[in-house]
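Reader: I am new to structures. Please show me how to read one.
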Amino acid sequence: MAMRNATHQVVRALEPSLTRSLHVITLFALPASPGSKKIVGVFYKGGEYAGQNPNFVGCVENALGIRSWLESQGHQYIVTDDKDGPNCELEKHIADAHVLITTPFHPAYVSADRIRRGKNLELLLTAGIGSDHVDLPAAAAAGLTVAEVTGSNTVSVAEDQLMRVLVLMRNFIPGHQQAVSGEWDLAAVAHRAYDLQGKTVGTVGAGRIGKLLLQRLRPFGCNLLYHDRLRMDAKLEEELGATFEEDLDAMLPKCDVVVLNMPLTDKTKGMFNKEKIAKMKKGVIIVNNARGAIMDTQAVADACKSGHIAGYGGDVWYPQPAPKDHPWRYMPNNAMTPHISGTTIDGQLRYASGVKDMLERYFKGQDFPEPNYIVKEGKLASQYQ
């Protein structure tokens, strides 16, 4: 036992250096043993940053920190960032993989065709929240289980949303750009900078993230509204200081700030088009950390250019990674970043722990925590129906 523990310590110490590149990752994946499972993980590259923080487990090099554990039990663990095109690394392993772990941040799109070719697939795990990169009806029809680490990065995303609201409301980005470029023009910033206090903020969707956002906004003295398919109980509404708006189209013109907190489904894809945006107040600020495809890409860019949208911020795009010519990169008054809000170090540790817990349960034939299921026994979770 002492020898085995010492061996595992050596493997853990070597993991960051052993997995510096895609080819080395594949080379050092141990062969499967009888009765073992083949697990494939698709994560973003850590590159030069992979070894700078031992808790940076969400990158391909550090692979959620579960390689030693999986291989000590005889399972095969392949990790890669190469996920697109017919000759990508993922395609080489999809046919005989039992488990596929993906993330919303570097999504491997699990199409019906990939599911069809994954003859051994049993389980699709999302390291994080949001499984819309999976063709969920196809997964349900194939009898696959789809699950995510519910709640793992809700705090991370809610905090990021609040930050973007403030950054846009105070016109911070042009001021920062002045600081780094050697300029000094107060009027260029101050003419469109506002306090958040007294403004009306509406969230479209009030699930876990939406509620956390409302909780964090209350001390700012805002008028808080929310639209959701389910109304909160009266006590929680009172605690959050939030008012329910049953009619979304009636809520939007009231809002100085609109924050999107809804899943991407067939019903919500492209929901915020030119007509929906036109219903909003001129000068509205929009923050979208939900999914980029909820918005009509060109309609957002046009509304930012015309000034109907005073500021648009978020970290979600369609597709991802966003191409270099994506119009949101260049539209005025944007506070866009890559998809980073849910992959803080704290968030990574939570979703890595959640993935390990579900894998342990899977190996033992045990059920997952019920809120984690997105597809179970051929049925989709309610938010995706």
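Author: Start with burial: buried means under 20% relative accessible area, exposed over 50%, and partly exposed in between, with a 1.4 Å probe and protein chains only. This is a predicted model: local features need pLDDT of at least 70, side-chain atom pairs count only at pLDDT 80 or more, and totals for chains, interfaces and linings use all residues. Residues are numbered from 1 along each chain as its sequence is written, and side-chain values use heavy atoms, with hydrogens and water left out.

Reader: Is N289 buried or exposed?
Author: N289 is buried, because its relative accessible area is 7%.

Reader: Where is N289 found?
Author: Helices (H or I, at least four residues) and strands (E, at least two) are DSSP runs, numbered from the N terminus. N289 lies in the loop between β10 (284-288) and α14 (297-306).

Reader: Which residues does N289 touch?
Author: Contact means heavy atoms within 4.5 Å. Leaving out residues up to four places away in sequence, N289 touches several residues, including V157, R164, L260 and G314.

Reader: With which side chains does the side chain of N289 make a polar contact?
Author: A polar contact is a pair of N or O atoms within 3.5 Å; within protein, one must be able to donate a hydrogen and the other to accept it, and residues adjacent in sequence count only if both atoms are side-chain atoms. The N289 side chain makes one with the side chain of D315 (3.4 Å). Another goes to the side chain of S341 (3.3 Å).
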